[in-house]
Structure formats: structure tokens, C-alpha cells
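Subject: Structure handover

Dear colleague,

Here is the model for your files, with its sequence. My notes follow below it.

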Amino acid sequence: MADKPLERVVVGQVGRPHGLDGSFVVEHASEDARWFKVGSQLLAGGNEVKVVSSRHGSGGRPVIKVDPEVARGTKLEVPQEALPPTEEDEYYVFELIGLEVFEEPDERALGTVVRIVPGVANDSLELENGLLLPLVGQCIHDIDIDARRILVARGFSDPA
């Protein structure tokens, strides 16, 4: 029986260099700072790397140095099982991508979530057809990860 492949979650990406010592800005960094602390183990391009220095750059973005060095643009990942458990009604972005969205009351199919769009007041689900649905309780009535579906209130899919 074959082992199940290791599922990974992207926590950032190697960005532009910062200084002359091999440090770089972490682009698209996770809000969870634990991944960028000195001593943290990350996967980069399929190889394990260790964070050997860490600080904050402009705008509070993490600036780290890893050993061994990795190329710009490389995704920084962690094993999915390393993620802390979520609270009730909390989800990781990767859990929502690919879920089918249906509208109440007749469960009309609206599409599939392709990404989460950050917002000032709230984030939004973006469907493959370009529809944006706010991630607020008035819109999102149920998220069922196991069934791979989201149920939304009527009226949010109608163009304004």
C-alpha cells in the first residue's frame, strides 16, 4: 500500500532580497508569525530549510534568511498537519477553495470558489464566474467542508 502524499500549505513565497546576507522579504506571508521565527522548519521547493534569522521589514512584512538558501519565487510551505486546529466557524483558505456554492432556498448552483479576496471590512469568496460573495453571516449560511459545499442567502448573487 502506497503512502499518502504529504499535503502542504503555502505560508509565503521568497521575495526580493533584503540586504547582502541572503535575507529576503516573505511575499504573501501567512498571518501566523510562528512560521518565520528563528528555528522554524519550512519546505522550499520540496527541500527542508531552517529559518536562521528573522526580523520585520517595511510594512511589518517578515524578512528572513533560511539555510540552505533558496531561489526567489520559491513557495514556502508547511505540512498540513502542522497547522493549529481551527475554532468553530473558522476555516483555512485552502479548505474553501474548490467548494461548490449554492443559493437558498432552491439550492441553485452559483459556481466554485477559486480564491478568497481580502477586504477592508470583510473578505469575499470569488467564484470562477467572477461573482464575489462577502464572507459575512448574512450571506454565508452554512459551510460544510466534508460535503464540499457552501450555502448562501438569496439575493447576494444578483447584480447590483
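The notes cover a barrel and then some salt bridges.

This is a predicted model, in which local features need pLDDT of at least 70 and side-chain atom pairs count only at pLDDT 80 or more, while totals for chains, interfaces and linings use all residues. Residues are numbered from 1 along each chain as its sequence is written, and side-chain values use heavy atoms, with hydrogens and water left out.

Barrel

Six strands form a closed barrel in the order E1-E2-E5-E4-E3-E6, and the pairing is antiparallel. From one strand to the next, the twist averages 50°. Strands (E, at least two residues) are DSSP runs, numbered from the N terminus, and two of them pair if DSSP finds at least two bridges between them. The angles run from 0 to 180 degrees between N-to-C directions, the axes being lines fitted to C-alpha atoms.

Strand E1 (residues 8-17) and strand E6 (residues 75-79) run antiparallel and are joined by five bridges. In this pairing, Gly12 is opposite Leu76 of E6. As background, strands of a sheet pair through backbone hydrogen bonds, either parallel or antiparallel.

Salt bridges

The search of the whole structure gave six salt bridges, each defined as a side-chain nitrogen of Lys or Arg within 4 Å of a carboxyl oxygen of Asp or Glu. For accessibility, buried means under 20% relative accessible area, exposed means over 50%, and partly exposed is in between (1.4 Å probe, protein chains only).

Glu77 and Arg8 form a salt bridge through their side chains, at 3.5 Å from N to O. Glu77 belongs to strand E6 and Arg8 to strand E1, so this pair links parts of the chain 69 residues apart. Glu77 is buried, at 15% relative accessibility, whereas Arg8 is partly exposed at 36%.

In the salt bridge between Glu27 and Arg61, the closest N and O atoms are 3.3 Å apart. Glu27 is in strand E2 (residues 24-27) and Arg61 in the loop between strand E4 (47-56) and strand E5 (62-67), so parts 34 residues apart in sequence are tied together. Both residues are partly exposed: Glu27 at 24% and Arg61 at 29%.

Glu107 and Arg149 make another salt bridge, with the closest N and O atoms 2.5 Å apart. Glu107 lies in the loop between strand E7 (100-103) and strand E8 (108-117), and Arg149 lies in strand E12 (residues 149-152), so the pair connects parts 42 residues apart in sequence. Glu107 is partly exposed at 40%, and Arg149 is partly exposed at 23%.

Regards

Key
Helix = DSSP H or I, 4+ residues; strand = E, 2+ residues; numbered from the N terminus.
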